[in-house]
Amino acid sequence: MHYKVATRRHSFIVLAFQVAFLTSCLGAIAAENDSFDGKVAPLLSQSCLSCHNADEQKGGLDLSSREAAMRGGDSGPAISASDPEQSLLWERIQSEEMPPEHPLDETEKTILKSWINAGAVWGTDPIDAFAFSNDRRAGRDWWSLQSLGRPVLPASASPDTQPIDAFVQAKLAEKNLAPSPAASSDSLLRRASYGIRGLPPSADELASVRSGEETYEELIRRWLNSPQYGEHWARHWLDVARYGESDGFEYDRMRPNAWRYRDWVINAFNDDMPYLRFARLQIAGDVLEPDNPSAITATGFLVCGAYDGLKPQVDLMRQIMRQDVLEDFVGTVGQTFLGLTINCARCHDHKFDPITQREYYQMTAAFAGVNHGERDIPAQPDKVKKLNQEIESRREKLRELEAPVREQLSARKSDSLGPNPIAAWDFTESNQDLIGQLHAEPQEPTKRIELGVKLNGNSTWLATPALPETITTKTLEAWVALSNLDQRGGAAISLQTLDGVKFDAIVFGEREARRWMSGSNGFVRTSSFSGEAETESGDTLVHVVITYAADGTITCYRNGQLYGNPYKASHLENFAAGNAQVIFGLRHGPTSPDRLLAGTLKTARIYDRVLTAEEVASSASNQPFISIQKIVEQLSPQQQKLHTELKQELDQLLGQQANLKGGKVYAANGRNPGVTHLLGRGSPLQKRDAVPAGGIAAVQGLSADFKVEPNASDEERRRQMADWIASENNPLFARVIVNRIWHHHFGRGLVATPNDFGFNGGQASHPQILDWLAAELIAQDWSLKELHYQILCSDTYRQSSVFNKEAHAVDANNQWLWRFSPRRLTAEEIRDSVLQAAGFLNRQVGGPPFQDVRPYLHRGAQFYEAIDPEGPEFSRRSIYRMWARGGRNPLLDAFDCPDPSATAPQRAMTTTPIQALTMLNSPFMMRMADEFSARISERHTELGEQVEQAYRDTFVRPPTSEEKARARAFAQEHSLSALCRVLLNSNEFLHLD
Amino acid sequence: MSRQQSQNKVPQQAELDRREWFEWARAGLGGAALASLLIKDGIAQPSKSNAVPSQASDPPPHQPPKAKRVIHLCLCGGFSHIDTFDYKPELVKRHGSSLGGDQRPDVFFGKVGLLRKNDWEFKQRGESGLWVSELFPHLAEVADELTVIRSMVANSSSHTPATFQENSGFRANGFPVMGAWMSYGLGCETDDLPAYVVLPDARGFPAGGTTNWTNGFLPAQHQGVVFRANGTPIDNLTPSRPIQAKSDKASLEFLRDLNRQHLAARGESDLLASRIKSYQLAAKMQQAVPRVADFSQESESTLTDYGLEREETRDFGRNCLLARRLLENDVRFVQVFSGGAFGSPRINWDGHEDMIRNHNREAVRIDQPVAALIRDLRHRGMLDDTLVLFTSEFGRTPFTQSASDQVGKGRDHNQTGFSVWMAGAGLKPGIAFGATDEVGWKAAENPVSWYDFHATVLHLLGIDHTRLTYYHNGIQRRLTDVHGQVVKPILA
């Protein structure tokens, strides 16, 4: 509402300026025409043409062209030249019958009357309704459509003031406001850390700036170069891209390869891909660089919205559905890159912005060749090889760094069994389960030798009683020495149903000679790992691990290294309590020689979760598992820093691995686009003339005419579209992205509606900053990291958020930036920070998503039931969850995570009792509070220290002595976990100053 | 800490009552923020003290409301109008002949068989003489309460887009549904319970899952909250693992103190103050939800009336009774689903293969409970200001889905003409409005679109459908898009 007023005033000023300008420039001869185009036409188009135009002709009257206007309507001629009193038009206006409800004011009436008096001389014919902005709509003179220029700094600015600050301060002075003092170092860093990475700063990071070891600017740079930056900003982008991983609509089918586009966005941000290229590839990557898998993946942008795959027989319905898809493309592209709601012109010219219906169809023509679906992307073996070398070198360096500490620690607790198996057997000693009651019984007499239990390959095997607990996700682990390499089909360890019908097993040489595989009933969950042929036999033990993830992914490790490639089976098999058992030596029952293993089994373990690569590696080196965190704690500060850097590099490299292996991606599939026609009222039944691909003419600075034929190829059309949108001459392109970045840092854009720079969106609060930063962005080769840096280093950003009553009274919404606006964390920031505080955040970058929903097919349709699965693979950052449209995460949902069906440039920030219930009581939050306290108790034995640690891990500060006393008393009485639950629910944890 | 508390006069009780909270807030917050907070929290509302106010920029009522609350019985799959509420004697005569005429029906599965007469006998019912078939014998007994629209037209013949349109006005994913718009536009008479509650069919969710009760681009609190018939009614109402009540209470007190101290150090903040409040509201909800879901105070005869003692009516009867209790406790909009996902075997009204089997099975589940609900609402005086909606996304074809020379057993989707009914506040009861052609294929008289239907529902609630808007990506969005006319002839 605020904005409407501003808009109106502004456009009147513009209008007045235009009129004055035209009058002064043109000679007397043109004066009469000019008075029509400059005064009368805008008035007619603003007040009359919405009903009396060539299409609608209410009362038979069309005032848009000279001939029609003179002809009049159902009541007779409207205008009698030079005689207002005889003109119906004037009669209706004077009596205020027209325009209905909004009569003209006296000045406007005078304009019309004198025009008729002067002979009703017409100017541009028909009237160009889009020429000028007025108080109902934007014209071609609308501010955001004008070419970019670098604005002049305010005269008051001192030379060493940052331009952002100069403009903000000038505006504040104009409003009699003053900026707030600088924020404290700690709260500024917490703010910036969330702003850049979506995660809190570490205590060390705060300390390093406080002590002067590192400057704020240096730390900002460091954070911008961390992989968490790309993860955080990709989430912002995916909101705008309406990114989802299922179709939506009736079937809501999964898109198992949609995540590659998500990774592409993360990598693009992390690589600081120039924004120009970033946009071009998303619009037309597949036609611009058809041999580049990454460019193909980028077009996932176009098709990551909802899609109705259920096609009715009805032809008309099918045509309408296709038009809906094209509207989705044009709407998303227009809003994302240009802040234009072009989709509003599908059935008629845009009601508020200078976009014709014909231009809408020009835009659809550009995307008419684009279709939803999966497509192949080729593998890149050279790059894979190089990448693997780089990965290995980082791993080696990490091992070197960790080795001394690891040895030290493992010496200390050598009796540990490592990462908590649910059952473990050491066959060198006995067949007893060292954890529970799953003691193995030999089914034939067996021999125990120094190495373990001997399996003869003809008859011997062992079996446990039925499982006491159901096993779903799992890890099977065995140390085994093979008697010979040519045996086929025996298993080291197998989890089978009691009747032997279903099983998952570590099998040797069954389908492929000398190779390990994951055996399963009827091979339903079996694929080749394509691992190396086994070379060890005799007395040499080999360590084999197979993990089974909830999404069906099966991964094999040999001697602690990844064995071949993981693959995704159709499903994860459940082994129910009371109905399944563990067997050794036999693939599955009943006994048969081709299912028996010849060799010696030393030890075996089974876990009810998926071990990470580190855990497997640790287990393989036969050391008790020691968490990386424990090791890092023992390193020197320099070593810790180096470790963090190496780990980040490694995570990033690992993230790229999945993308280089080839496979499928859900992206644009280009086909022959055919010829696009304008559709009257948007209806396929009203096909009008053929329309070639083209842009929006009102956008100044470049031509919207693509000079292509209506039957041009998909490639030609989209290439032209990419050129027109992603151009430094397209003023909207840079303005819109600058505003998005500003919006996320300050909680409010310079333009408050990031997807709409048209009339309904409104004005920029600080147009000079928008243009100045846009010019900078172009000058810095479209580097978004530089843009962030400039914003984050401004005094405006570094202001305190402290409340100021006087300023609040003048500007409650803080649009003039007299302080930094405090905010609540976003949904993902909350979940990720909780995981982080609890010490559970798995920082693995990229790769297939984890599923916090249980997908199931029910009568042909796909459903997703929200679950709370445990384990490291589910403790990744929220951006890595599978974003099924029908399967949302209740915690994220409650905190305003948007429906991934429509582009969401800004998020609501609500406060509801459902949020409180979720934070207090949900299984995830309760579990995290428990894990959080367990982790703290492991590190500190004294309750006071535990309380301090809990405060540091949530608020990134120690408690005051009073706080500590109360918290300690509370934890004493109600448990440390209860304290953790309170801290995770607190406003200090959930809000930023 | 205690020093700071006493400075701010923080009450020490676990539960702040309204007055105390008000006083504390006045002491702790500045005037402007206080006013906005109070309005947001409904304290300044003239109606009920704990009401949640409208969030609309142009808040209703725009005209005097007739209805205060809505219950929407949403039948998935498309029930057959010509077998229920739209009697077509001509169809009986022409049974076994082809549709004729020059328009070839363009149906979903493309198979146009011969015309099939209604499978259930029609009778005129009650004083009004409204036609209702034998498929709904119980419902027929309350025919005098119904306002049938027999000329509905939808824009899609595909279930899910059509269902989205039925509920949100749009065929696409991601637009707010009726219940969400009501919550946004009217708020709620209570802050103990959500404004919009969803009761899915016990056999499963409708296709599209939670998208069917989405808030779309409206703020998250307007999303439908699912109540389960069994177990804990809503998620996270109680801790996921047992906690001693004493500990839980102490935790909330400790949290409140932490938060107040945090707020006191920051002067004034709506954001922080309203989150403190949200934990108090959560505590109220923890009390209210189990209370409303507890049927132990209902009489034996009520339970019998709703069919809770019979296997086939128990599920839907339970949901109807729960719906009434929710409405009694000031929930704004309750949506009860009859039917789940599509596919085979059917668990909804999608009678492609065998109408008799399908509709008999579905109707028996809901007939008695719906009739009991109407009677119960009338008996309690609630029908005067409650609106009952009974709809499905489209109807079914008068010809069968079979070879062109056969009378098959099933009927295909028909979006070109079908029936729905409303009952209660502000309506002319016992009438049928509009008409389909003589065989019941297309709306022929006074066609009513979903936009019109929604405009009428909003009108009855005191809302001008053109004025209930929300800005989203360039458009002031409405439930009725850019269409919709109130169906005036059905209004009392």
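Start the tour at A:Gly839, which follows helix 27 of chain A and has a positive phi, near 75°. Helices here are DSSP runs of H or I with at least four residues, strands are DSSP runs of E with at least two, and both are numbered from the N terminus. This is a predicted model, in which local features need pLDDT of at least 70 and side-chain atom pairs count only at pLDDT 80 or more, while totals for chains, interfaces and linings use all residues. Residues are numbered from 1 along each chain as its sequence is written, and chains are lettered from A and ligands numbered from 1 in the order in which they are written.

Now select residues 827-837 of chain A, which form helix 27. A residue is buried if 20 or more other C-beta atoms lie within 10 Å of its own, exposed if 12 or fewer, and partly exposed in between, with C-beta atoms placed from the backbone. Because 10 of the 11 residues of helix 27 are buried, this helix is largely enclosed by the rest of the structure; among the buried ones are A:Glu828, A:Arg831 and A:Asp832.

Next, go to A:Phe523, in the loop between strand 11 (516-520) and strand 12 (542-548) of chain A. A:Phe523 is not a glycine, yet its phi is positive, about 60°, and it counts as exposed because it has 12 C-beta neighbours inside 10 Å. From there move to A:Asn559, in the loop between strand 13 (553-558) and strand 14 (561-562) of chain A. A:Asn559 also has a positive phi without being a glycine, in this case about 50°, and its 16 C-beta neighbours inside 10 Å make it count as partly exposed.

Two peptide bonds come next. Most residues other than glycine have a negative phi, and most peptide bonds are trans. Select A:Met98 and A:Pro99, which are joined by a cis bond with omega near -15°; A:Pro99 is found in the loop between helix 4 (88-94) and helix 5 (106-117) of chain A. In chain B, the bond between B:Pro60 and B:Pro61 is cis, with omega about 5°, and B:Pro61 lies in the loop between helix 3 (31-41) and strand 1 (69-75).

Finish where the chains meet: 66 residues from chain B and 74 residues from chain A take part in the contact, two residues being in contact if their C-beta atoms, placed from the backbone, lie within 7 Å. On the chain B side, helix 6 (159-168), helix 8 (245-264) and helix 9 (270-292) each supply at least two residues, and helix 9 gives the most, with nine residues.
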